[in-house]
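Hi everyone, thanks for coming. Today I would like to walk you through one structure, so please have a look at it first.

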Amino acid sequence: MAVFTPLSDAQVAAFLEKFDVGSFVSLQGVAGGTENSTFFVTTDRRELVLTLFEQGEHEELPFFVDLLDYLDEHRLPVPGTIHDREGIALHSLAGKPALLFPRLPGKHPSAPNLAQCQALGHTLGHLHAVSQHFPGHRPNPRDLHWLRAVHHKVLTYISPDDQTLMKNEVDDFESAFSQHGELPQGALHGDLFRDNTLFEGDQLGGIIDFYNGCTGDLLFDLAIVINDWASNEDGSLNAERYTAILGAYQARRPLSADERALWPTMLRMTALRYWLSRLLVVYVDPPAHDLTPHDPERFRTILKARIAFGALPLPEVS
Ligand SMILES: Nc1ncnc2c1ncn2[C@@H]1O[C@H](COP(=O)(O)OP(=O)(O)O)[C@@H](O)[C@H]1O
Ligand SMILES: N[C@@H](CCOP(=O)(O)O)C(=O)O
């Protein structure tokens, strides 16, 4: 379940009166999700999503509102926030910050087909082409500085071989990145896993859950996508999905020479980023709720595969 703060019909009906969205019909808690309380709300005019923010830095919410609204204005399939009659998006409900969104169509793809991979690559390339001009600023909270600063917290919980692996990888990343200039920058989704997308058939209906959104290396976002969308069970890269995503992406935003050079390193770095964040959740900072944490082992497997086999060649830009 992902309703940590229950709401009554009457509370939501009164809340909706601030907005021009129609009258309350029904409310349903959403089972998915891990961090916030999410509700599907039906009015006599439309389907909505209501999110109560349970954790995280509340002062950062205006960044997420601005980013979603900017991408929505640029015709990306994201839930732009719904503003009330006075133009305000961010409200408070049951003592928690609250946002209202349109409900986007579709389902999460667990085994995406190649048309879905192409659609995702195409849209992410478009998003990054546009997001380079986004004026907001939020440093990437999971970048190399974070890896360097926090990886020691998990070392006592992993095997001696894994400790060596993790420490050597962080050193390697620092050495590789120091040999290149700044990579192309822009706003990132920051967590674009399959379960943060919605598809209707092969059509990408929506990209959701921008609460890891930040600004930084665009390549970081692309590497997260490839590791989640294009890895086989054994962690190796799935050549067809890899080529479908990267071919479509580069038709919208070709990678620079520095990005191409750092690509194998970025795949390893984002694999380590999730291995580490998941280890932290399991051993160091477990959440108060009883949801099953994501498996750290999955990203250890992916990291080991990237080290063993490197990256596949990047498709040529046509
Ligand atoms: N705008 C939206 N349109 C349709 N479904 C949504 C929307 N926002 C959230 N959801 C649904 O709610 C679930 C939880 O939302 P999410 O933002 O991922 O929560 P959390 O931050 O807690 O992980 C999603 O997996 C999706 O099924
Ligand atoms: N999607 C992630 C969880 C979000 O990352 P975090 O850094 O905010 O914990 C995962 O699959 O682990």
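First, the ground rules. This is a predicted model, where local features need pLDDT of at least 70 and side-chain atom pairs count only at pLDDT 80 or more, while totals for chains, interfaces and linings use all residues. Residues are numbered from 1 along each chain as its sequence is written, chains are lettered from A and ligands numbered from 1 in the order in which they are written, and side-chain values use heavy atoms, with hydrogens and water left out.

How many residues of domain 1 are in contact with domain 2? There are 20 residues of domain 1 in contact with 25 residues of domain 2, where contact means heavy atoms within 4.5 Å. The size of an interface is often given as the accessible area lost when the parts come together. Here, about 1800 Å² is buried between domain 1 and domain 2, and carbon and sulfur atoms give 75% of that. Buried area, to be clear, is the accessible area (1.4 Å probe) that two parts lose on being put together, summed over both. On the domain 1 side, Phe63, Tyr70 and Pro77 supply 31% of the area buried against domain 2, more than any other three residues.

What about polar links between the domains? Across the interface of domain 1 and domain 2, three residue pairs are in polar contact, both residues being at pLDDT 80 or more. A polar contact is a pair of N or O atoms within 3.5 Å; within protein, one must be able to donate a hydrogen and the other to accept it, and residues adjacent in sequence count only if both atoms are side-chain atoms. On the side of domain 1 that touches domain 2, helix H2 (residues 61-73) gives the most, with seven residues. Helices (H or I, at least four residues) and strands (E, at least two) are DSSP runs, numbered from the N terminus. By class, that side of domain 1 has twelve nonpolar, five polar and three charged residues. For those classes, Ala, Val, Leu, Ile, Met, Phe, Trp, Tyr, Cys and Pro count as nonpolar, Asp, Glu, Lys and Arg as charged, and the others, Gly among them, as polar.

There is also one salt bridge between domain 1 and domain 2, meaning a side-chain nitrogen of Lys or Arg within 4 Å of a carboxyl oxygen of Asp or Glu. Its partners are Glu60 and Arg138, with the closest N and O atoms 2.8 Å apart. The pair links distant parts of the chain: Arg138 sits in the loop between H3 and H4, Glu60 in the loop between S3 and H2, 78 residues apart.

Is Arg138 buried or exposed? Arg138 counts as buried, because its relative accessibility is 11%; buried means under 20% relative accessible area, exposed over 50%, and partly exposed in between (1.4 Å probe, protein chains only). Glu60, at 23%, counts as partly exposed. The side chain of Arg138 also reaches the backbone oxygen of Gly213 at 2.7 Å.

Next, two residues that touch. Ser131 is in helix H3 (residues 114-131) and, at 1% relative accessibility, counts as buried. Not counting residues up to four places away in sequence, Ser131 touches Tyr70, Gly186, Ala187 and Leu218. Leu218 lies in helix H6 (residues 218-229) and is buried too, at 0%.

Arg45 and Asp20 form one at 3.1 Å, N to O, and both residues are exposed. Arg253 and Glu259 meet in another, at 2.8 Å; Arg253 counts as buried at 6%, and Glu259 at 0%. Then there is a network of salt bridges that links Arg148, Asp171 and Glu174. Arg148 is found in helix H4 (residues 144-150) and, at 32% relative accessibility, is partly exposed.
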